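Visitor: I am new to this structure and would like to be shown around. Could we take it one topic at a time?

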Amino acid sequence: MTFETVLDDIAKQLGKPEFLSLQGEELERKTRERLSHTPVLLVLDNMETSGDSQNEICARLSPILGNSKVLLTSRHHFETLEVDIFDYYLQGLREEASLKLMEQTAEERKISNFNPNDCESLLQLAGNNITGYLPLALKLITGQLKLKSPLEITKSLGNVRLTEDDADTKNISIFKKFWGQIFFRSFQMLSSSEFELMAILAALKEQEGTTQNVLRKMTKERLPEEKLKEAINNNWRYCLLEREEYGNHRYFLHILTSQFFSRILAYAGRMNR
């Protein structure tokens, strides 16, 4: 996402393909006129992954909104001083919903050694009643039960937890450390073929993913059919791999999974030099 691609997408959504041939101030003027004439709600999701700074996009978008409004989502706080942004911090799930999510995840992904009695202790690794419990963290912790005992998971993640004081913090490093620990422990479970599959999916456009048939073609010289199938099934059960459940299954990485795995790959590359 860049400011220019946002303008292009607005033109497409409003049925104005002729705008796509315009550039610079002319495109901005035409877009502003259209948004003033036809008020809309723009939704820009996952702005922390944008090619331009999310703050820069907001600053450039604000003057052309006219009578329209924009809803922004990001895992980073906005710091645009020139633009009025009313922020709302979304907290995690409440305890009852969190316990239910862990049980559903274990049942869906066939994690046979899941015990509901262990939920309370594992739940505390993914948040608290003030910050809420983070859904992806809950799934990753549940996924680790595929190979680890609850005690082993608690020991490996015991040093990094969100506290009640973190509910209103703007210190993103706290959350990076929190996610880094959970992902690192999850990635440690991977075999060489499972790691290979993650590397392939991480190289694709974030959250775009692909089908098993395409993966088979991409890995035919590196992963035999049975190894690929096993890697897909295991990574899905570890909750490191997402799967669309309709039609021909499409496999992809959650945006945070992709980001943290790419960092580990880059770190491993530097260590091997």
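Visitor: What volume does the second largest pocket have?
Guide: Please note that this is a predicted model. The volume of the second largest pocket is about 280 Å³.

Visitor: Which elements give two or more residues to its lining?
Guide: Those elements are helix H1 (3–13) and strand S1 (41–44). H1 gives the most, with 5 residues.

Visitor: And how many residues line the second largest pocket, and which lie nearest its centre?
Guide: There are 14 lining residues, and Val6, Asp9, Ile10, Val43 and Leu44 lie nearest the centre. By class, the lining has 9 nonpolar, 3 polar and 2 charged residues.

Visitor: Let us turn to aromatic residues. How many aromatic pairs are there?
Guide: The structure holds 6 aromatic pairs. In one of them, the ring centres of Trp179 and Phe183 are 5.9 Å apart.

Visitor: Why is that pair of Trp179 and Phe183 called tilted?
Guide: The planes of the two rings stand at 35 degrees, so the pair counts as tilted, since stacked requires under 30 degrees and edge-to-face over 60. Both residues belong to helix H8 (residues 172–187), where they are 4 residues apart, about one turn of the helix.

Visitor: Is Trp179 buried or exposed?
Guide: Trp179 is buried, at 11% relative accessible area. Phe183 is also buried, with 0% relative accessibility.

Visitor: Which residues form the aromatic cluster?
Guide: Phe178, Trp179, Phe183, Phe187, Phe195, Phe260 and Phe261 form one cluster. The charged end of Arg263 sits over the ring of Phe260, 4.8 Å from its centre.

Methods:
Residues are numbered from 1 along each chain as its sequence is written. This is a predicted model: local features need pLDDT of at least 70, side-chain atom pairs count only at pLDDT 80 or more; totals for chains, interfaces and linings use all residues. Side-chain values use heavy atoms; hydrogens and water are left out. On a 1 Å grid over the protein atoms alone, a cavity is a set of points where a 1.4 Å probe fits but cannot get out, and a pocket is an open set with protein on both sides within 12 Å along at least five of seven lines; lining residues have an atom within 4 Å of a point. Grid points are joined across faces, edges and corners, and a volume is the space filled by probe spheres set on the points. Ala, Val, Leu, Ile, Met, Phe, Trp, Tyr, Cys and Pro count as nonpolar, Asp, Glu, Lys and Arg as charged, and the others, Gly among them, as polar. Rings of Phe, Tyr and Trp (its six-membered ring) pair if their centres lie within 6.5 Å; planes under 30 degrees apart count as stacked, over 60 as edge-to-face and the rest as tilted. Buried means under 20% relative accessible area, exposed over 50%, partly exposed in between (1.4 Å probe, protein chains only). A charge sits over a ring if NZ of Lys or CZ of Arg is within 6 Å of the ring centre and within 35 degrees of the ring normal.
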